[in-house]
Amino acid sequence: MTSPLRLDLFCRVIDNYGDAGVCWRLARQLANERGFRVRLWIDKPAVLQKICPDVVSEAVEQVVCGVGIRLWPSIFPAFPASDVPDVVVEGFGARLPESYVRLMAARQARPVWINLEYLSAESWVDESHLLASPQSWISLTKYFYFPGFTEKTGGLIREDGLIEARDHFQADRQNAVRFLSSLGVEAETEHFMVSLFCYPDAPVVSLLESFQRSRRKVLCLIPEGVASGAVRFFMGRDAVAGVRFSAGQLSLQILPMMEQNAYDYLLWSCDLNFVRGEDSFVRAQWAARPFVWHIYPQEEEVHLVKLEAFLDSYLADFSSENAERVKRFWHEWNAGKKQASLESMEEFGKILPQLKQHGRDWSKKMTARPDLASGLVRFINTLR
């Protein structure tokens, strides 16, 4: 019997819960499904604790869900070269401490060094995936690993059994009602359920006002801390967990921040999901329901290029007229303005039945490709 490979995954938290969320999912999957001995170095364990309550935010070292979690301090601790693992993964270009890299080079069997990049549907990703980058200052080579939506990329994070679990849950609408009841939410099967997870500059008030005037009953569920200023303005009270507010056809409830598995259930429960960043963006696709993505804003609006690239891929098999409706609303949602046009929201709402079927078709298409962890392990094995 060979010993399991050791792997260090480094994560710097930049995009709120997104960086930590992706790295935590990958760390757990590599440890529990692929047999690695995983150590996750993270600079803000308190953020990780929000999505995994078993994490002790003040602990320097701990083991949770089969993953060793280490605080990544500003002054990196010294340890022997023998403690350097077989594989080192930089999450999203997190710059490794120089002292650690020198230990990597001093190891007799050099570790596999991988930079896990951000997810993008841009065409250049296909050519950049798995490229080698020999380091000029030290005798090591780093490889770029890109998640993505095509067969030429590294795929998407998808745990074993995820799709089967989703299908079982969504087969009975009462599962959603029971799950929401466990969160203290009174829901009815006839409610049109919406989850809202976005950055502060989304036109949240316009959206909520449209739900208020809807022809059907809408239940909107918002995690605490999400667009709290806009939600407070709309309700006229603080947006804290447990608060429920009703106006017209809209019932709105503030949810406590929840751990990752529960968030999946929330996405599976809802008829429409607003998501942000990278982690919830991918989970919304596995939910196989209509969704709207609020992409992380970048300087010079380069994020809008990434947004358009995904829309072109996602909507390639959708009718051109309906695709334009989706694009119009998504771009308004990402325009950084406090208002969105009533027309674009209404046009988007009209095609939700078609988007529901499209969501299932897209999920099947992505499921037919290898998941990110499986592809990553195969690539690691080719370099050892």
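Which residues are linked with Arg25 in a network of salt bridges? Glu159, Asp264, Asp279 and Arg283 join Arg25 in this network, a salt bridge being a side-chain nitrogen of Lys or Arg within 4 Å of a carboxyl oxygen of Asp or Glu. The structure is a predicted model, in which local features need pLDDT of at least 70 and side-chain atom pairs count only at pLDDT 80 or more, while totals for chains, interfaces and linings use all residues. Residues are numbered from 1 along each chain as its sequence is written, and side-chain values use heavy atoms, with hydrogens and water left out.

The protein chain contains 15 helices and 14 strands; helices (H or I, at least four residues) and strands (E, at least two) are DSSP runs, numbered from the N terminus. Its radius of gyration is 22 Å, close to the 21 Å that the globule rule gives for 384 residues, so the chain is as compact as a globular protein of that length. Here the radius is taken over C-alpha atoms, and the globule rule is 2.2 Å times the number of residues to the power 0.38. Along the principal axes, the C-alpha atoms fill a box of roughly 70 × 45 × 40 Å. Of the 384 residues, 57% are buried, where buried means under 20% relative accessible area, exposed over 50%, and partly exposed in between (1.4 Å probe, protein chains only).

The protein chain is divided into domain 1 (6–156 + 370–383) and domain 2 (162–368), with bounds from an automatic or database domain assignment. The contact between them takes 22 residues from domain 1 and 26 residues from domain 2, contact meaning heavy atoms within 4.5 Å. The centres of the two domains, taken over C-alpha atoms, are 29 Å apart.

Returning to charged pairs, the count comes to 27 salt bridges. In one of them, Asp264 pairs with Arg25, and the closest N and O atoms are 3.8 Å apart. Asp264 lies in helix α9 (residues 260–269) and Arg25 in helix α1, so this pair ties together parts that are 239 residues apart in sequence. Both Asp264 and Arg25 are buried. Another salt bridge joins Glu347 to Arg325, with 2.9 Å between the closest N and O atoms. Glu347 belongs to helix α13 (residues 342–350) and Arg325 to helix α12 (residues 320–333), so the pair ties together parts that are 22 residues apart in sequence. Glu347 and Arg325 are both buried. Arg166 and Asp167 also form a salt bridge, their closest N and O atoms being 2.9 Å apart. Arg166 is buried at 4% relative accessible area, whereas Asp167 is partly exposed at 31%.

Val194 is buried, with 0% relative accessibility. Leaving aside neighbours within four places in sequence, its contacts include Phe211, Leu221, Cys270 and Phe274. The C-alpha atoms of Val194 and Gly161 are separated by 25 Å, and these residues are 33 positions apart along the chain.

Ile14 is exposed, with a relative accessible area of 56%.
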